[in-house]
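Here is a walk through one protein model. Keep the structure open and follow along, stop by stop.

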Amino acid sequence: MSGRFITFEGLDGSGKSTHLRFAADWLRERGLEVLETHEPGGSGLGQAIRGIFLDRRWAGMDGLVELLLVSASRRQHLIEVIEPALARGVWVLCDRFSDSTWAYQGAGRGVPERDIAMSDALATSGRRPDVTLLFDLPPAEARARGRSPKRMAESSIDRLDEEELAFYARVREGFRRRAEQEPHRFRLVDSSGRRSETQAQVEAVLQDLWTEASS
Ligand SMILES: Nc1ncnc2c1ncn2[C@@H]1O[C@H](COP(=O)(O)OP(=O)(O)O)[C@@H](O)[C@H]1O
Ligand SMILES: [Mg+2]
């Protein structure tokens with residue numbers, strides 16, 4: 001059986017990590033080999049770039065510089081980790097990929113579409129996810145979830161956490177536009193409800209993929 005490339009997209013606090021772990025367990029229970037990975041990062045070099053990208057010292061970072069950093073991270077991640085895994089038949093579950101670039105650097109920062117298209121083409125050589133789950137909910141709710149006392153104790157505030165809600169509203173719309181443009185690749189998951197309700201939607205997507213792959 002060949003591998004699948006499945007990406008998890010949405011705002012911080014939208015449930016990507018929670019449901020990526022669930023999906024990985026669900027697929028492993030069915031005997032599949034699964035790789036859990038994330039961007040920016042996903043490789044040693046990628047993690048180093050992520051450190052620069054999220055560092056609050058660089059509050060004035062230009063949008064185009066952001067684009068180049070996440071693209072560099074993506075390139076290394078793709079050639080070192082993702083492509084070899086897919087070639088071995090592994091199911092690759094990736095927390096953020098190209099759609100985050102369109103949403104954050106494009107819709108959020110206002111980097112022109114042609115620049116994003118060019119940079120992303122260089123980074124990915126045209127590699128697209130087979131399926132993308134977009135976890136959608138209002139930015140204020142995502143922020144509240146992302147900033148629960150438990151999470152605040154575990155992780156420090158990063159550069160992007162300091163953006164105002166209007167920025168995240170643009171990012172959310174950017175994600176939704178991507179989903180409208182590629183309805184066959186995207187599965188829109190309403191993440192505004194209880195975790196169990198979101199999980200049921202994720203499981204339905206997994207069931208479809210599993211049925212298709214095993215038939
Ligand atoms: N419907 C839901 N789906 C996922 N997480 C939820 C949901 N409702 C509340 N939560 C909480 O919101 C947080 C989501 O965080 P996380 O999965 O890390 O999001 P992300 O990786 O997108 O930043 C977790 O603390 C989780 O318990
Ligand atoms: Mg996460």
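Start with a serine. Ser119 has a relative accessibility of 8%, so Ser119 counts as buried. The cut-off for buried is under 20%. Ser119 belongs to helix α5, residues 113–124. Beyond its neighbours within four places in sequence, Ser119 contacts Leu67 and Ser71. Bear in mind that this is a predicted model.

Ser125 lies in the loop between α5 and β4. Its phi is positive, near 50°, and Ser125 is not a glycine. Most residues other than glycine have a negative phi, and most peptide bonds are trans. Is Ser125 buried or exposed? At 56% relative accessibility, Ser125 counts as exposed.

Arg96 also has a positive phi, about 75°, without being a glycine. Arg96 sits in the loop between β3 and α4. At 10% relative accessibility, Arg96 counts as buried. For a peptide bond, look at Glu39 and Pro40. The bond that joins them is cis, with omega about -15°. Pro40 is in the loop between β2 and α2, the latter being residues 44–54.

Now turn to the core. The largest nonpolar core has 22 residues. Which residues have the most contacts inside it? They are Ile6, Phe8, Leu27, Trp91, Leu93 and Leu133. Two or more residues of this core come from each of β1, α1, β3, β4 and α9. A second, separate core has 19 residues, and Leu11, Ile49, Leu134 and Tyr168 are among them. Ile6 shows the packing of the largest core in detail. Leaving out residues up to four places away in sequence, Ile6 touches Trp91, Val92, Leu93, Cys94, Val131, Leu133 and Leu209.

Helix α9 comes next. It runs over residues 195–214 and has 20 residues. At 1.5 Å a residue, α9 should span 28 Å, and its end C-alpha atoms are 28 Å apart, which agrees. Its buried residues are Thr198, Val202, Val205, Leu206, Leu209, Trp210 and Ala213. Why do they fall on the same side of α9? They cover an arc of only 135° around the axis, which puts them there. The buried residues of α9 pack against β1 (5–10), α1 (16–29), β3 (91–95), β4 (131–136) and β5 (186–190).

Arg30 is in the loop between α1 and β2, where β2 covers residues 34–38. At 30% relative accessibility, Arg30 counts as partly exposed. Arg30 also lies over the face of Trp26, at 3.5 Å from the ring centre.

Helix α8 covers residues 165–181. It has 17 residues and reaches 24 Å from its first C-alpha to its last, close to the 24 Å expected at 1.5 Å a residue. Buried in α8 are Phe167, Tyr168, Val171, Arg172, Gly174, Phe175, Arg178 and Ala179. Their arc around the axis is only 155°, so they lie on the same side of α8. On the other side of α8, Glu180 and Gln181 are exposed. The buried residues of α8 pack against β1, α4, β4, α6 (139–146) and β5.

Two of these residues make a ring pair. The structure holds 6 aromatic pairs. Phe167 and Tyr168 form an edge-to-face pair, 5.2 Å centre to centre, with 85° between the planes. Both Phe167 and Tyr168 are buried. Ring pairs also link Tyr104, Phe167, Tyr168 and Phe175 into a cluster.

After α4 comes Gly110, with a positive phi near 85°.

Terms used
Residues numbered from 1 in each chain as written. Chains lettered and ligands numbered in written order. Predicted model: local features only at pLDDT ≥ 70, side-chain atom pairs only at ≥ 80, totals over all residues. Heavy atoms only, no water. Helix = DSSP H or I, 4+ residues; strand = E, 2+ residues; numbered from the N terminus. Expected span 1.5 Å × (residues − 1). Buried < 20%, exposed > 50% of the residue type's maximum accessible area, 1.4 Å probe, protein only. Arc of directions from axis to C-beta. Contact = heavy atoms within 4.5 Å. Phe/Tyr/Trp six-rings, centres within 6.5 Å; stacked < 30°, edge-to-face > 60°. Lys NZ or Arg CZ within 6 Å of the ring centre and 35° of its normal. Core = buried A, V, L, I, M, F, W, Y, C linked by side-chain atoms within 4.5 Å.
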